[in-house]
Amino acid sequence: MDTNGATTSSAAGGGSTSKSSSKKHSRKPVYSRFTQQELPACKPILTPGLVIATFTIIGIIFIPLGLVSLSASEKVVEIVDRYDESCVPSDYSNDKLKFIQNPSINKSCVRTLTVPKLMKSPVFIYYQLDNYYQNHRRYVKSRSDKQLRSVSDEKSTKDCSPEDKTVDGPIVPCGLVAWSLFNDTYGFSVNSKTIEVNKHDIAWKSDKEHKFGSNVYPKNFQSGGLIGGAKLNSSVPLSKQEDLMVWMRTAALPTFRKLYGKIEQDLQANEKIQVVIQNNYNTYSFSGKKKLVLSTTSWIGGKNDFLGIAYIIVGGLCLFLAVCFILLYVIKPRPLGDPSYLSWNRSPAGHPN
Amino acid sequence: MKRYVYINDNESSHELYCDNRISNRKYTVLNFLPKNLWEQFSRFMNQYFLLIACLQLWSLITPVNPASTWGPLIFIFAVSASKEAWDDYNRYLSDKKANEKLVWVVRQGIRKHIQAQDIHVGNIVWLRENDEVPCDLVLIGTSDPQGLCYVETAALDGETDLKTRVIPSACMGIDFELLHKIKGVIECPNPDKDITRFDANLRLFPPFIDNDVCPLTIKNTILQSCYLRNTEWACGVAVYTGNETKLGMSRGIPEPKLTAMDAMIDKLTGAIFVFQIVVVMVLGIAGNVWKDTEARKQWYVQYPIEGPWYELLVIPLRFELLCSIMIPISIKVSLDLVKSLYAKFIDWDAEMIDYETGIPSHATNTAISEDLGQVEYIMTDKTGTLTENRMIFRRCCISGVFYGNESGDALKDTKLLNAVAGSSPDVVQFLTVMAICNTVVPIKSKTGAISYKAQSQDEDALVNAAAQLHMVYANKNANILEIRFNGSVIKYEVLEILEFTSDRKRMSVVVKDCQNGKIVLLSKGADEAILPFAYVGQQTRTFIEAVEQYAQLGLRTLCLACRELREDEYQEWSLLFKEASSTLVDREWRIAEVCQRLEHDFEVLGVTAIEDRLQDGVPETIETLRKAGINFWMLTGDKQNTAIQIALSCNFISPEPKGQLLLIDGKTEDEVCRSLERVLLTMRITSSEPKDVAFVVDGWALEIALKHYRKAFTELAILSRTAICCRVTPSQKAQLVELLKSCDYRTLAIGDGGNDVRMIQQADIGVGISGREGLQAARAADYSIGKFRFLKRLILVHGRYSYNRTAFLSQYSFYKSLVICFIQIFFSFISGVSGTSLFNSVSLMAYNVFYTSIPVLVSVLDKDLSEGTVMQHPQILFYCQAGRFTVSPPFLAFFLLLYNRASESEYICWMVWSIFVPCNCCVCDHHTCLCLREK
């Protein structure tokens, strides 16, 4: 009978026939707290007491937290040594690029670091690069995770251009990231006694076990016309090449540190450490800095003052506000819920227009 | 343009006109996909997202996986497409049901049972009692010997009374058997949607009757979707079929209304788009410069010396894609979702159920709930909206004698009862007019009790009152009326009915007294339509006084009059009337003109006063809403005094010392102009005082003011918080709404009857009261409520909550998109302006959908203040009206907003940086915590 929805509803509302009156009852809404918008709700009222208490509590918790974090960060001993400038022989100081690009020049360089305080084992060795854009779009995309994972996907190198393949076949690992692998090396000795550098367990567990295949071996790597960074031992599977894994976890920011290894012995205060650096990596063309970092850790991680300072600032601000509110409350109290403070009660015209 | 319908001619009209297949479907199975896609893509937002999604397929520039845009895009499209498909499927089902209904149709002279969809124009359709009419028919026969039948038109116009329909005079007396073989031609206009007019002619072919043209009116038709009642059978000729019926033509989808918030969101989207283009251009240039100066030195990036020709475009396009999330893709979907929930909350609200009838409130339009919270002007009808529209005859004045003044009820006034008992001629005449000057149908039940089916509540009240005064309108048999008075039966023959129109403001019947053969014209109507036409020499002063006095009491008045006609005068006029009735063009106007020739020289009999009580809670509702800063205008067809009285009694205007009424009147342009200027001047002076000033204008002055002094009147409209417009026509009501809308006010129109439909449709929000005048208004409206007092809850609770929730949700949508986008932009400065995405595709998608879009939907349950508080302090609505979301110079607001967001994401970005740079050396994660390529 009904030709469309509109007539259906109208017949129900029209209301003279018996049929429609029965429909009317079914249209009556079901009563529930949801349909009546009466669900239980919590609505804290910001009374002066509550506000002041909240601010005070935040302040009291945050300031000690900040102090503890700051002191933990202070305990971390860190040695940072920039060597890119000083490792260039003085006769090349005007043309560093020529120095670094000439393979026949010996790139060894010896630096001496002084331990300021006792550094408890383990001491982590990092290299830090500045102004190095590992997050550049062209760079970050130029890799093939499939290829790294299994041998069967060796040929999936479509994202890797321009370092995708050579005349002998696909490059494993392909792409700009792997190609530009950092290749400075460091040797440490104290009083001409060599310190062992442990280069195991520096990569992520997931990288070693899942992302880099244990049966994937480097192939055709750094064999093209342009040599980027380090070469890889083609008889070692990728899952054992921890330096590569570390490098291929690309950094989000242009200044970053990457783990080089660990020294598993204590370094005494005022000890002089001799570092023999093979200064191979080219950061001179884009005036990037290279730094060697030795650091211990605490429960908070590395040296990081930010967290502590942030806690202290927020806590201090909260305490300050609490004090302000207390003063305001004491000096100029105001009854709560007084309707005469409502805006329309204050302006007699009553109409904001 | 005309169409000629050949009755019972099976061949000729088949090709010309469509068959009776009803189709409300928008799509077919085949065209669904392309048509729906085309419709969805006609929206700018969708085009934009499609462009982005396509660009993402180009792997050189895409920062993220294309799935992060395609996924949501396809999801959004699938949601709206399946909604459309479901609606269309339901329409298809109901069409199918209607089309396959079996009806009796004459084929080759024999009645056959066929499907409704096979009816063709010119077929004769037979209907039984309680059948639904399958298409528009011209009646040619009924079971009633007088050719009458009754139809219920509720589905068409919402009026629940029975209407009489009559067969054309030419078909009168044709034998039942012969109806199968009837031949003829109906000349009728092309299909239109006016359900009150059908100006056609019928000519039957021999042997049925001589070739005489017989005029047809809407009275001779039964329209699609009506029901045949109280009549054993009826048959008619199909004139309009299928989608060309009056109902089919009037269907049609109304223009979707756009809320202020929607407009704001669109504007904001546009502004963000412009901003995005600027950002893209700046970053694009910066990126290209950085590439040429810095990136070439970064040997590990291996930029080729010579790039492809489009190289310069690559970086800007990348940023365009990165920034595309600035415009939230999910906003439309989530807004549609929450809006339908708001509508459901209104439907469900137990406090808005009319317990008298059990009808809950209903939101027909689910998209504009938040506009309810921004209403500034309410235009309200009076009768049936503010009042109950339950008319009770209270007082009368018969030839200068007032009845009912002491007791307040004329029916109990002994003076009147005595006069009736004594058969005082004036009183009898008066009662006769009350009883028969109408279009009421008396229906006798089996017990003998008489009930009346009336279209107008006033007529109902008059007939009932007359019956109580022993003048019982007992029976109507075709043209013969039977009236019982004090035991005697009087019969009248109705010769003509001069129907009521809102222009004429009166209606008349011409009857012939069956006893003495006298022809009398009986009229009733508004005072200004009757009193000026009294015969020369009659003292109308007492009547004018009576009208004034009754109006002061807020009663509705009608003047009753009669005139005896000479036989030849009637005959002469009758011809003119017939001619006018059968014209095809301007019929209404022609008829009015002819009626005018008869309706003069009245002998005014008296004045009736009918009470119409205020609905419960009207004064409180109006007071609360006025406190909420909402301005009220009353637009009524009623008299000025009645309107003012009602306005006073429902807090609409304040009484004298506090309030002031300013009258705009005048008959000529000059008078109106002067009065308008005077009112305007007073209004300007008093606007600063805390005084309630209202202006009153009548339809005539309004017409002039709107036509010639629109500017002054607009200024007045803006200044005045309250106005009463009386004697206005439906189109003037709509014009007033239009006027206020053009001043950028949010208007709400509320009404209950067919005369409010136009204003309801015109207003930003139309509210219909499902009252006694049928459902026409409720049908046309966006919201239908049972009683006026629910308006308070509708606006202050539902409107306000909806507004706040939508405001929060849309602000939040933009906010979360901007935050994540600004993180990307700041990151691009430390990633060599190369367009790297800080987030991977999965995280981005999850952020947009799971982290931010879905959980925030819970905010539709938020109530910032309890319902009680809002009702107590309705002033809180000021903030909604002013528009928390719509701050006046939108661009300034927009950039402030942007600035806030920018500083926030900058902060987040720096925080990320400052935490994670040193973190690189943590033991727990030896490397960058924020990894770019986590897979």
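These are my notebook entries on a few places I looked up in this structure, which is a predicted model.

**Entry 1: chain B as a whole**

I began with the overall picture of chain B. Its C-alpha trace spans about 120 × 80 × 50 Å along the principal axes. I noted 29 helices and 33 strands in its secondary structure. Chain B has 935 residues, and 56% of them count as buried.

**Entry 2: a sheet in chain B**

Next I looked up an open sheet of nine strands in chain B. I wrote down its strand order as E14-E33-E32-E31-E15-E27-E30-E29-E28, and the pairing is mixed. Which strands sit at the edges? They are E14 (362–363) and E28 of chain B, each of which pairs on one side only. A reminder to myself: strands of a sheet pair through backbone hydrogen bonds, either parallel or antiparallel.

E14(B) runs antiparallel to strand E33 (residues 783–785) of chain B, and two bridges join them. At this spot B:Ala363 stands opposite B:Tyr783 of E33(B).

**Entry 3: around strand E28**

One loop runs between helix H17 (640–649) and E28 of chain B, and B:Asn651 is in it. B:Asn651 is not a glycine, yet its phi is positive, at about 65°.

Which residues make up the negative surface patch here? I listed B:Asp665, B:Glu669, B:Asp670 and B:Glu671.

E21 (residues 480–485) and E22 (residues 488–498) run antiparallel and are joined by six bridges. As an example pair, I found B:Glu482 bridged to B:Lys491 in E22(B). The two strands form a hairpin with two residues between them. In that turn, B:Asn486 has a positive phi of about 50°.

On to the next neighbour. E22(B) is joined to strand E23 (residues 506–513) of chain B by six bridges, again antiparallel. Here the partner of B:Tyr492 is B:Asp513 in E23(B).

Buried or exposed? B:Cys880 counts as buried because its relative accessible area is 3%, and buried means under 20%. I then compared its position with B:Lys491 from the previous entry.

**Entry 4: a hairpin in chain A**

One partner pair I noted is A:Tyr186 with A:Ile277 in E9(A).

E6(A) is also joined to strand E7 (residues 193–195) of chain A, antiparallel and through three bridges. Here A:Val190 stands opposite A:Lys193 in E7(A). How many residues lie between E6(A) and E7(A) in their hairpin? There are two, and A:Asn191 in the turn has a positive phi of about 50°.

**Entry 5: backbone details in chain A loops**

I finished with some backbone angles. A:Ser121 and A:Pro122 are joined by a cis peptide bond with omega about -5°. A:Pro122 is in the loop between strand E2 (108–114) and strand E3 (123–129) of chain A.

A cis peptide bond also joins A:Val172 and A:Pro173, with omega about -15°. I located A:Pro173 in the loop between strand E5 (169–170) and helix H7 (176–179) of chain A.

My last stop was A:Asn131, in the loop between E3 and helix H5 (137–140) of chain A. Its phi is near 55°, a positive value in a residue other than glycine. A:Asn131 counts as partly exposed, with 25% relative accessibility.

How values were computed. Residues are numbered from 1 along each chain as its sequence is written. Chains are lettered from A and ligands numbered from 1 in the order in which they are written. This is a predicted model: local features need pLDDT of at least 70, side-chain atom pairs count only at pLDDT 80 or more; totals for chains, interfaces and linings use all residues. Side-chain values use heavy atoms; hydrogens and water are left out. Patches are made of residues with over 30% relative accessible area and no salt bridge: like charges are joined within 9 Å, nonpolar side chains (Val, Leu, Ile, Met, Phe, Trp, Tyr) within 5 Å. Accessible areas come from the Shrake-Rupley method with a 1.4 Å probe; for residues, only the protein chains shown count as cover. A salt bridge is a side-chain nitrogen of Lys or Arg within 4 Å of a carboxyl oxygen of Asp or Glu. Lys and Arg count as positive and Asp and Glu as negative; His and the chain ends are not counted. The place of a charge is taken as NZ of Lys, CZ of Arg, CG of Asp or CD of Glu. Two strands pair if DSSP finds at least two bridges between them. Helices (H or I, at least four residues) and strands (E, at least two) are DSSP runs, numbered from the N terminus. Buried means under 20% relative accessible area, exposed over 50%, partly exposed in between (1.4 Å probe, protein chains only).
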